[in-house]
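Dear colleague,

I am handing over the structure below, and my notes on it follow directly after. Please read them alongside the model.

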Amino acid sequence: MIEVLRIKNLALIDDLELEFGPGLNVLTGETGAGKSFIISAVNFLTGEKMHPDLVRGGCEKAVVEALFCIDGEDVILRRELAAESGRSRIYVGDALASRETLAALRPKLLLHASQHGQQRLLQPGFQAALLDGFLADPAPLAARNRLARELAALGAGIRDLDAKAARLEEKRQFLEFQHAEIQKVAPLPGEEDALIARRAALAESRKASEALSRAKDAIEREPKVLDVLADLHRELLHAGTIFPEFTDDAEAVAALRHQVKDVAARLRKKPAAAFSADDAEAVEKRLFTLATLRRKLKKTLAEIVDMDAEITANLDFLDACALDRKQLARQEEALVTELAQALAALGQARRQAADTLAAALEGILRGLGFSKDVRVLFEFSPAEVYAPVAAPGGALTEDRARILWRPNPGQPPQPLDKIASGGELSRFLLALMSLSAEPGGPTLIFDEIDAGIGGLTLGSVGAYVKKLAATSQILLITHWPQLASLADRHFQVQKTVEDGQTSTRCRRLAGDDVAAELARMAGGGEAGSEMARRLLEAGA
């Protein structure tokens, strides 16, 4: 049950708060005053989309919030709509929530019938889903839906497998040729960079080896460095006997001669080169082979390595494809068998539900002014659920329902969309809504569901709505004073202009205000006042 509703900055509504009560809550007012928009705000709060253009001009955001009572507990919902971005925020209590959370809550909050609902009622798909909502046991339907989803995914997988295999089979020879060309060279990831680095290192090694050879030649060519240093050492020693300051120089030259002698010894034992000439030739040959492959395939070496891995995977896929398809075919066959069993059980459950629902609808429709001979039937026709892919054959079908009815005796049953008038659809939808209602359950919203109804029929509808309101909260938008007079709480919606701004206002009526509104709805004047008086006396 919805207890309090507040709307701020939404379209023509600047700030509106309504306190609904149990039973029948009626909203009336002139056409265009904004009655249906209040209901649209409730729908927005419980998950439906709303265009950001509906945020009141000059405001950053619109806010709709309400206090619901669900299973004896209070639940506060709040939803905001930003004017600039169009994004909305949802709060359940004080916590942010998602639209999925609202979708799960909505069945506990609202059941909404409108003129749009009448049009949906004419759609065969809606009628079929409607019957499924009245199954005694939902297990067969759940099994059908689960298996149908699994088979749809499996069938898509088989079709993708077949399509990919067909594409690759057409290119198999070319793929094998490319694979063979690449395998002749067998490039490795990063190999070219490694070879270039190795070639650079080889060049540096060669330069170092040549430098060592030149150093050895410098030491050993005439006059030899060691002999020159020996002569220099001897002369400096002689000089040092007279000039002591050269003694240190003589010792330094001697040390240098010993160091050069060590270098000469190491040079004669020249270290082995890090890379041989054969290595250099092999590196150049490999680099040339890789370059040739790159030019042939017009790709980088990294792309060639990746391409070969992809080609290998595709060729492996083709080799394993037949086995994979057999496994998928076995899975499909098993699921098809399960689905066939589920569809048989579901067909039986639907027919049982159809008999029960038809009888219940007929009883309610008679109370809504239809002939005692009114008949409701469900016609079943086969509809394809799944066509096997791996082993094409007969498609699986289910019994899908369509509503037929006979409002008057002497006529053959026909589909609703062929013979039902607007008023008849309104009453039919009302009957369906009442069957879905539960005492103390979600709020029933009737948005001008009385369209096309008048005379004695209107009285029957009013009596039934009032009876329904004894166990369920109802929000009813109506233009009929006969229905408005039955309200437990009556709200009048008005459009006002203040300081050049148009706003929608809503106030709860009582006493003489109720009589005045009923008189207006009845056409005004003395006749309207007289009808209002009679309606209020009848209600009392």
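Asn314 lies in helix H11, where helices are DSSP runs of H or I with at least four residues, numbered from the N terminus. Leaving out residues up to four places away in sequence, Asn314 touches Lys164, Leu168 and Leu175, contact being defined as heavy atoms within 4.5 Å.

Before going further, please note that this is a predicted model, in which local features need pLDDT of at least 70 and side-chain atom pairs count only at pLDDT 80 or more, while totals for chains, interfaces and linings use all residues. Residues are numbered from 1 along each chain as its sequence is written, and side-chain values use heavy atoms, with hydrogens and water left out.

Arg350 is also found in helix H11, and with a relative accessible area of 5% this residue is buried. Apart from its neighbours within four places in sequence, Arg350 is in contact with Leu131, Asp132, Leu135, Leu141, Phe380, Glu398 and Asp399. The C-alpha atoms of Arg350 and Cys506 are separated by 45 Å, the two residues being 156 residues apart along the chain.

**H11 against H13**

The axes of helix H11 (residues 301–367) and helix H13 (residues 422–436) come within 10 Å and cross at roughly 120°; axes are lines fitted to C-alpha atoms, for helices over the stretch in contact, and angles run from 0 to 180 degrees between N-to-C directions. H11 and H13 are therefore oblique to each other, since angles under 35 degrees count as roughly parallel, over 145 as roughly antiparallel, 65 to 115 as roughly perpendicular and the rest as oblique. On the H11 side the contact is made by Leu357, Ala360, Leu361, Ile364 and Leu365, and on the H13 side by Arg427, Phe428, Ala431, Leu432, Ser434 and Leu435.

**The two sides of H9**

The buried residues of H9 are Ala250, Val253, Ala254, Val260, Ala264 and Leu267. They cover an arc of only 140° around the axis, which puts them on the same side of H9, the arc being that of the directions from the helix axis to the C-beta atoms. Helix H7 (191–220) and helix H8 (225–242) are among what covers these buried residues, whereas the face of H9 turned away from its buried side carries the exposed residues Asp248, Glu251, Gln259 and Arg266.

Terms used. Buried < 20%, exposed > 50% of the residue type's maximum accessible area, 1.4 Å probe, protein only.
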